[in-house]
Structure formats: structure tokens, C-alpha cells
2 protein chains.
Amino acid sequence: MKSIGILHPGEMGISVAVTAKNSGCCVYWCSQNRSIQTRNRADSLGLKDLNTLEELCRTCEVLVSVCPPHAAIEQADAVIAAGFTGLYADINAIAPATARELNRRLSDAGITFVDGGIIGLPATVAGTTWLYLSGPDAEQIAKCFSKGPMEAVILGSEIGQASGLKMCFAANSKGTAAMQSAILATAESMGVRDALEKQWDIYTPGFTEKSHARIRQVASKSWRFTGEMHEIAATLAASGLPPEFHQGAADIYSRQESFKNVTSEPSLEEILNKLLEKSPDKHSEQ
Amino acid sequence: MKSIGILHPGEMGISVAVTAKNSGCCVYWCSQNRSIQTRNRADSLGLKDLNTLEELCRTCEVLVSVCPPHAAIEQADAVIAAGFTGLYADINAIAPATARELNRRLSDAGITFVDGGIIGLPATVAGTTWLYLSGPDAEQIAKCFSKGPMEAVILGSEIGQASGLKMCFAANSKGTAAMQSAILATAESMGVRDALEKQWDIYTPGFTEKSHARIRQVASKSWRFTGEMHEIAATLAASGLPPEFHQGAADIYSRQESFKNVTSEPSLEEILNKLLEKSPDKHSEQ
């Protein structure tokens, strides 16, 4: 029975913890500096609280980092500083180059690194969420997540492949939502949104409704997408492709950060108004 | 019977000319400096050749500009220089600000301007291609295109609305194709394209095939999309939204300009290889 520590049990972290429990692991977390929401989630699942990161690092053979991309390196550095020497998986939305940087830092400290990336929403049933893994030691992490509901898949033996796949998948889904919201806001400001949506639906019946649903669904998560879009831009740039698409997407998501923690989905109109707050006055410009 | 001159009968121009003929107009063109392909197209339709732009401007009450966006202003300036004083419609893929600039120049020369934008491929049957028009004199142009197959729609009385709608529609269709090709090229360079496409199809059955088809379909037209992407970027920027999405798209299309005039659609692999030509050597970078 492997001892595994989850850093940290947010909504996605809980899904990771459940899968590890199902797969026969003893699952720990540490409550120091975490929010009451995180504590409630961890308690409801019966995760064992080891209070501090130091204690978690002493107890666990395996640590899994589940955090917003902008915190991934800081999290690894804290684990190094706490003296961990086991197996560390980063399954966050980071660029392959960031994964390789984590590998360098952790390896230097005697920690074995596995690259990972999650595709899908927090899993409650099988066949909806995938945990992709890569690197020479990916199999060791896959064993901790063998029983679902998250489906562990080993992608290859190179650090960066799992992160790379995650980046490409999110590049499309979140990039598309961002670009469509920018286009709808532009159409709105020019007074042609109705005509655009009518034309969209002539070409692809239901397109407008799907587009609105996608844009509204991500609004409350935008605060953590800005960093992810920068990681994606860096991923495309490293392959010699233009980073601009996702620099634009980062801008779109950063404008929506005030939707963090809203209790119900904002309306499309609220989102477009938010995007247009910076907009120049069209009439004075003409 | 209105006399109308088409500048110029390219593939889309021919579709415009057919609709004008169907609607009872006498349709002219001028062959000076045009290619043999353009001449063949015009001849096959029985358009009357007036040889020079000066002659076309003397004969026609109405001129319609159908050209790549980067040539739209130059075309209008040439018409002004040729002494035209009738009704001029620009139906190219240009930013509303470019349409307003055309309106200023043409109005100063005593020419009446109508803004237009085409959505759809060259029309052969009704219900597939729309000619959107806007401006105080839009009705006069709509009358010349009342009998199809292109469907003329008056969008409003403001110069810029028709161009704005066209920009937003193309922003999505051509922006999406460009972004997806950038993502596929990135995945290819990281060795995870198969995994990405498999995951796309799990989420949306048929997504990969549709994506490939869209990317391959636009490759041979990329040479004239670069300018259009810059017009779209300017359109978003004028509304205070990020221009970066379509700056990235302009880069993607400019890399494919060598596909101009290919006789059959390039394969997806040929397109991705073209996009990756600038790519740094991944192994030396690591």
C-alpha cells in the first residue's frame, strides 16, 4: 500500500485523490496555509491530514502536484526545501520546457520526476478524464491510478510528452473559447452580433449556442487560465509556431479574473461587457 | 438596365458578375493587366471587355471592387484617378476602418460609396453565399444583386457594418483553421499528434477529420489570407479586443503562400512540414 501525498486537494486534486484511494493507496494531504474549502473537501473524503509539508514529505513515498500552472515551480522548490527524496509527479498544465526545468531541479535534489497532464474535468465516472504520464518512471505513477475513475495512460518515456499533449489539447479548447468570446465582443461593439450568430447557425446549426455555453462555462475558471495560456504560448514558440494566439487568449482570460468564485455562471452579456470595459468609445474615434 | 463594372472577375468576381447579370445588369470588365485565367473566366461568361479602367469608368454607372484586401485602397485610388463619378461598392474582406477610409477618399472625389462583405464560397446555387451591404446607399447596390445565386442583404445604414460582419465571420472560420494547424504542427513536432487526435475524437467524434479538411481546404488560398488576417486584427483592436489571435493567423497563412496555384489540395503532412520549416531543432535545444 503506497503512501501518496496530494498537493493540494482542490476540485481536481480531489478527483486525483479518489482515484489513488480506489487504486489502493493511502492518501495524505497537509492543511497548513490551505483554505477552509480545501479542508472541507479533504475531510469529506477522509484524507489524512499531516499538517505541514515537512511531515507530508517525511511520510509519503509519492507526491503529486495539482495546482495552477503559475505555482508549479514554487511547489516543487518547496518540496525540495522540505527534504523530500521520493517520487514526484507534476500533473499541472505546464509547457514541456517547464516540465524539463522541474525535472532538472528535482533530479539535482535526488527526487525522481514523472511528467503528467490531465485532460477533462474532475472525474466522477470512468471514461471522462485522462491522466497522461510520461518519463522513464511513469509506470510507477500509473500504478497508483490504475482503478479509475481517472484513466491513467503512459504516453512515452520522455519528460515533456504528457505536458505537451495537455498543452495542445487545452490550446484548442481554451484557445477557441477565448477567440470566440473576443469575436463576439467585437461584433457586439459594432452592432452586428445578431447577424453574426444568425450566419454562424446557417453554416453550422447550433454553433452559436455551443459557443455561448463554452464561453460561459470557463468564465469562473479564467483566473487560473491566464498562466496556462502563457505556458501554451511558450509551447508553440518552442516548436517554432506563433505564440500570439494564446497571448491573445491570456489577455481575454485575465480580463475575466473577477468572475473567480461566482456562484452561478455569468451571462454571455456580462462576459462581453467585461471584455469590452477597456474598449475605446467608437463614436469619438470615428 | 444598369451598367456595372466588375474589378475584377476572379473566382469570386465571376460569382458576383453572374448574380448581376441574372438581376438584369449589363456587366463589363477591363482586360488591361489581367491574367489569361481572368480573361478566360470573363470570356466564358460573355462579360463585355472595355479594355482599360478609364473606359470602364466612363461606361459604368456602378463599379464593384472584388480583390484581395491588401489591394482594396489601391483599387479605389485608381478609380478616382480614372475620373469615375458613379456608385462604388467595395465588397472585400477589409476592416471597418479601411471601409471608412475608402468612403472618405471616394466621397471627396464625388463618388458614392457602399460597404459590402461576402460570406461564403463563390456562389453557384442560392442559399450558400451572402453579399452583406451597408451604408446610406446600400439599396442601390442590393437592386443589382436581387436575383441570386448570391443573396444580397442590407445590414444597416452605416459604412463599416457589412465589413465588420465579414471580419467577425472570417475571424472565426479562418482564425480557427490557422490556430488548429499551429496546434497540430506543435503536436507533430513533439511526437504527440496521434494522441491529440485520438483525444479530440473521444470528445467530439469526427473532430480531427473536420479539422484536417478545413486546414487543407484553405491552404491554396493562404496567399490572400495574410492581408485579411491583418484587417481582422485591426478590427478587433479597434473594438479594444486583442489583435494577437489574428496576428498569429497571419503568420500561419504567410508560411503557406507557396501553395498558391497548386492544382490539388496539399496533404495535411505537407502543410505541417511547411509550418515547421522555421522550427528550431528540438533535440539540440534540450
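**Exercise 1.** Determine which rotation and which shift along its axis superpose chain A on chain B.

*Solution.* A rotation of 180 degrees with 0.0 Å of shift along its axis brings chain A onto chain B, with an RMSD of 0.0 Å; the copies are superposed by least squares on the C-alpha atoms of residues with pLDDT of at least 70 in both. This is the relation of a two-fold axis. Within chain A, the C-alpha nearest the axis belongs to Phe245(A), at 2.0 Å from it.

The model is predicted: local features need pLDDT of at least 70, side-chain atom pairs count only at pLDDT 80 or more, and totals for chains, interfaces and linings use all residues. Residues are numbered from 1 along each chain as its sequence is written, while chains are lettered from A and ligands numbered from 1 in the order in which they are written.

**Exercise 2.** State how many residues each chain gives to the contact, and explain why the copies meet through the same surface.

*Solution.* Chain A gives 45 residues and chain B gives 45 residues, contact being counted when C-beta atoms, placed from the backbone, lie within 7 Å. Because 100% of the interface residues of chain A are also interface residues in chain B, the copies meet through the same surface.

**Exercise 3.** Give the strand order of the open sheet in chain A and identify its edges.

*Solution.* The eight strands follow the order β3-β2-β1-β4-β5-β6-β7-β8, with mixed pairing. Strands are DSSP runs (E, at least two residues), numbered from the N terminus, and two strands pair if DSSP finds at least two bridges between them. β3 (48–49) and β8 (151–156) of chain A each have a single partner strand, so one side of each lacks a neighbour in the sheet.

How values were computed: Two residues are in contact if their C-beta atoms, placed from the backbone, lie within 7 Å. Helices (H or I, at least four residues) and strands (E, at least two) are DSSP runs, numbered from the N terminus.
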